Amino acid sequence: MNLVKIRIAISLLVFTLFLFLFLGGGKISVFLSPILLPLQFVPALIRILIQPEILFMIGLITILIISLIFGRVYCSFLCPLGMLQDSVIALSFKSGLLRKHIYQRPYNWLRYSILGLTFITVVLGSMSLLNFLDPYSLSGRIITNFGKPLTVWIFNAGVDLLKYFNIYFFSKEVPYLPLSILAATFGCFILVLIMSAKYGRLYCNTICPVGTLLGLISRISIFKLVLDQNKCYECVRCEIVCKAGCIDQQKKNIDQSRCVNCFNCLAACSQSVIVYSPSFGKIKKNEWSPARRGFLVGILAAAGSVFLTFNSNIRNLFNTTAAKESPPITPPGSLSLAHFTQACTACYLCVSACPTNVITPSFLEYGITGLLQPLMNYHKSFCDYECNICGKVCPTGAIFSLPLEEKKLIQIGEVKLVKEKCIVYVDKQNCGACGEVCPTHTINFINKSNVLYPETDTQYCIGCGACEKACPTSPKSIVVRSNSIHKKAVQYIAAAKLPQPKKETNKDFPF
Amino acid sequence: MTEVQKTDRREFLKKGLSLGLVAGGAVILGKTDFLSAKETVTAMPDLVAVKNAEPDALFKKAISLMGGMGQFVKKGQTVVVKPNIGFPRKPEIGATTNPLLVKTIIEHCYKAGAKKVYVFDNAVLPTSSNARNCYKISGIEDAANAAGGIVAPADDFGYKEVKIPAARILTKTDVHELILNSDVFINVPVLKHHRSAHLSIAMKNLMGIVNNRMEYHLRGLDQCIADFCLYRKPDLNIVDAYRVLMSHGPSGPRDEASLQVELKKTLLLSRDIVAVDAAATKIFGKDPEDIQYIKFGHEQKIGNMNLKELKIVTYAM
């Protein structure tokens with residue numbers, strides 16, 4: 001049984017599914033999200049802290065158990081960023097950029113500090129640091145920022161081509177991606193690319209908080225890659241292929257906390273000196289063990305975060321978003337600004353899946369504690385009344401899945417009509433663009449000498465932004481203001497009813 | 001010609017009377033199709049109104065009273081049929097043109113020898129997902145496909161700027177290429193209530209063939225609607241008043257309980273877009289004088305809103 005081939009097969013499958021998840025569009029995303037995402041560490045953890053759900057609990061427990069039994073297989077089999085790096089490493093070898101891996105010193109203080117700092121910032125109510133570093137969310141952003149426009153362009157080119165054969169399809173639109181987000185994602189992407197092309201899995205073993213945490217667990221895992229010091233001839237073949245740079249040939253030692261279980265060394269070792277087998281206490285202990293200390297700190301921090309996340313008042317204290325004067329509008333199902341900003345890891349799956357592209361990334365709009373998190377962008381589009389896809393794909397519980405009928409009554413914001421700018425009031429002539437598209441009967445028209453003046457009845461408004469999008473004036477005469485805590489709108493029922501249509505057939509015409 | 005000269009007045013009366021009897025009898029028996037070819041000899045009516053049947057039967061009757069589809073579509077021509085597909089609503093709501101009517105029209109176009117029949121509309125909120133929903137949910141995409149129509153998304157074609165020198169406001173606008181390139185343009189609006197323009201009928205339906213409909217809203221909705229008709233009048237306007245949305249237009253209410261739809265089972269045909277709007281307004285139960293864009297259209301001599309001055313053929317089944 002060749003473990004390397006199994007790893008490559010599984011990781012390729014998972015990565016392909018990830019591409020489909022982010023690039024396949026609404027329905028495919030809804031289908032794949034509950035299959036793939038419970039097995040992603042950060043989304044599963046956040047979901048359980050926010051609202052424990054059986055699927056994600058099973059997912060997280062599976063990850064932990066697998067890590068305890070087999071080590072950091074997560075990093076090589078399930079993590080999309082790991083697979084991305086593996087392909088870069090493979091390309092790097094093919095192109096001759098990288099000839100061999102060598103043993104690298106662990107940057108223990110750095111990696112445990114990053115892990116600790118990430119924990120602390122999350123506990124204090126800011127997802128910013130976690131969002132930047134979480135490998136799943138970073139992969140999601142990379143795929144959304146660069147893969148999405150590419151697939152849309154290719155799709156539209158196909159649509160254009162088919163046109164000449166009289167076959168017509170609807171072309172797609174590229175979601176709006178602010179320059180700041182493109183730049184930030186590109187920066188992270190380049191960083192990961194360079195690190196992996198030159199140093200293998202350096203990101204995973206130095207920066208990635210998930211890698212560091214799983215590294216702590218894998219130190220005590222049952223199955224380990226063990227190097228038999230007595231048999232080893234120091235041929236260095238294993239060290240050359242070790243992407244994690246964790247095999248030290250001089251000390252004849254494998255750093256378990258950094259081994260990502262790629263199994264390359266198993267295949268490379270001609271003498272079967274390295275074996276993957278259950279090992280209890282077979283490894284020589286280091287005298288100085290920062291990893292152990294880090295492990296204790298990690299456990300304490302995890303416990304603390306669990307305690308504090310449930311006590312959201314403390315998290316709110318340090319959350320800058322709520323204090324903003326006109327905070328962004330958050331998607332329906334996100335309950336409140338505080339809930340959303342404390343649960344969203346900015347993976348942009350909702351951005352990719354949103355059919356109207358109304359959910360767009362933001363950089364600083366939520367303040368420094370909510371970097372990268374997406375918002376409802378009514379300059380670009382509007383929220384489709386008949387759609388609840390964002391809640392169905394969101395893995396972290398930042399946007400809860402709402403039944404459509406419930407979603408239709410969630411008021412995420414409220415319209416305000418600025419009569420001083422409205423064409424009908426200013427020019428005394430018909431416009432009514434807002435009323436045409438309002439799905440909730442918030443906008444009514446009063447007939448004064450055959451001109452129809454808009455008025456709003458905000459109890460019905462759900463803040464979908466269709467009116468704001470349609471309004472022809474600049475600046476807009478009707479705008480949605482966010483509800484920091486989402487409310488429930490009143491269901492519209494027509495006051496007056498027409499009599500049922502007459503049954504008997506009338507043969508007269510009115511002319 | 002000599003034949004006509006030979007016939008004296010008495011014979012003419014006799015023939016006319018007998019023809020009338022035959023026609024009347026046929027009408028009573030419900031077999032009128034064989035007459036329709038002869039009726040084309042006389043001048044085409046300005047407006048045809050038919051009621052009390054299903055949309056396909058209404059159209060068949062109405063077009064025969066108009067002189068048949070051959071009057072409008074010649075062999076080898078490309079036709080564009082422009083229904084109202086502005087909102088993602090089911091046909092029962094009455095916010096979009098009846099799919100069966102669209103299907104029947106396309107079939108007649110092909111029977112008359114049309115080479116290609118295109119169907120499109122530019123949805124009110126033209127994001128691609130919304131436009132796709134409009135085509136699908138309205139039932140028009142499936143109906144048109146079934147008849148062999150080429151259903152094209154509005155954004156699959158470009159828009160070209162056209163000048164309208166006689167316009168009062170809308171002196172230029174960008175028009176969909178299908179309209180510019182097709183030989184025959186058939187406008188198939190649905191008659192419905194409109195909260196912010198009173199009614200949406202044939203003239204207003206043409207907002208779906210320009211690129212920037214919001215320009216109309218910004219610069220004066222009623223005047224722009226009228227101005228555009230100066231550029232190109234449809235070759236035929238077919239107003240669907242089968243299922244008429246009486247309130248909460250143009251999109252209809254979202255809860256079915258508030259739906260106010262009247263089954264008027266009526267169809268109007270005319271070359272005159274102003275006349276057909278005026279007639280449809282009366283069918284709805286309003287006064288054309290109250291609809292600003294109809295008045296503008298009459299003033300600008302786009303058509304005639306004084307129905308009394310027109311040759312109208314009505315037929316109730």
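**Close-up views of a predicted two-chain model**

**View 1. Two helices of chain A cross here.** H6(A) and H9(A) pack with their axes 7 Å apart and at an angle of about 65° (axes are lines fitted to C-alpha atoms, for helices over the stretch in contact, and angles run from 0 to 180 degrees between N-to-C directions). Helices (H or I, at least four residues) and strands (E, at least two) are DSSP runs, numbered from the N terminus. H6(A) brings Pro80(A), Leu81(A), Gly82(A) and Leu84(A) to the contact, and H9(A) brings Pro135(A), Tyr136(A), Leu138(A) and Ser139(A); residues are in contact if their C-beta atoms, placed from the backbone, lie within 7 Å. By class, this contact has 6 nonpolar, 2 polar and no charged residues. Here Ala, Val, Leu, Ile, Met, Phe, Trp, Tyr, Cys and Pro count as nonpolar, Asp, Glu, Lys and Arg as charged, and the others, Gly among them, as polar.

A word on reading these views: the model is predicted, so local features need pLDDT of at least 70 and side-chain atom pairs count only at pLDDT 80 or more, while totals for chains, interfaces and linings use all residues. Residues are numbered from 1 along each chain as its sequence is written, and chains are lettered from A and ligands numbered from 1 in the order in which they are written.

**View 2. Helix H1 of chain A has two sides.** Arg7(A), Ser11(A), Phe15(A), Phe18(A), Leu21(A) and Phe22(A) of H1(A) are buried. These six cover an arc of only 110° around the axis, so they sit on the same side of H1(A); the arc is that of the directions from the helix axis to the C-beta atoms. On the other side, Lys5(A), Ile6(A), Ala9(A), Leu13(A) and Thr16(A) are exposed. A residue is buried if 20 or more other C-beta atoms lie within 10 Å of its own, exposed if 12 or fewer, and partly exposed in between, with C-beta atoms placed from the backbone. The buried residues of H1(A) pack against helices that include H6 (80–95) and H9 (135–163) of chain A, the pair from View 1. After H1(A) comes Gly25(A), with a positive phi near 95°.

**View 3. Two loop residues of chain A have positive phi.** Phe263(A), not a glycine, has phi near 65°. Phe263(A) lies in the loop between strand E3 (253–254) and helix H14 (264–268) and is buried, with 22 other C-beta atoms within 10 Å. Leu335(A), also not a glycine, has a positive phi of about 65°. Its loop runs between helix H16 (312–317) and helix H17 (337–343), and Leu335(A) is partly exposed, with 19 other C-beta atoms within 10 Å.

**View 4. Each chain has a cis peptide bond to show.** In chain A, the bond joining Ser474(A) and Pro475(A) is cis, with omega about 0°. Pro475(A) is in the loop between helix H23 (466–470) and strand E10 (478–488). In chain B, the cis bond joins Gly249(B) and Pro250(B), with omega about 5°.

**View 5. Chain B meets chain A.** The contact takes 46 residues from chain B and 44 residues from chain A. H6(B) gives the most to the side of chain B that touches chain A, with 5 residues. By class, that side has 23 nonpolar, 13 polar and 10 charged residues.

Conventions:
Contact = placed C-beta atoms within 7 Å.
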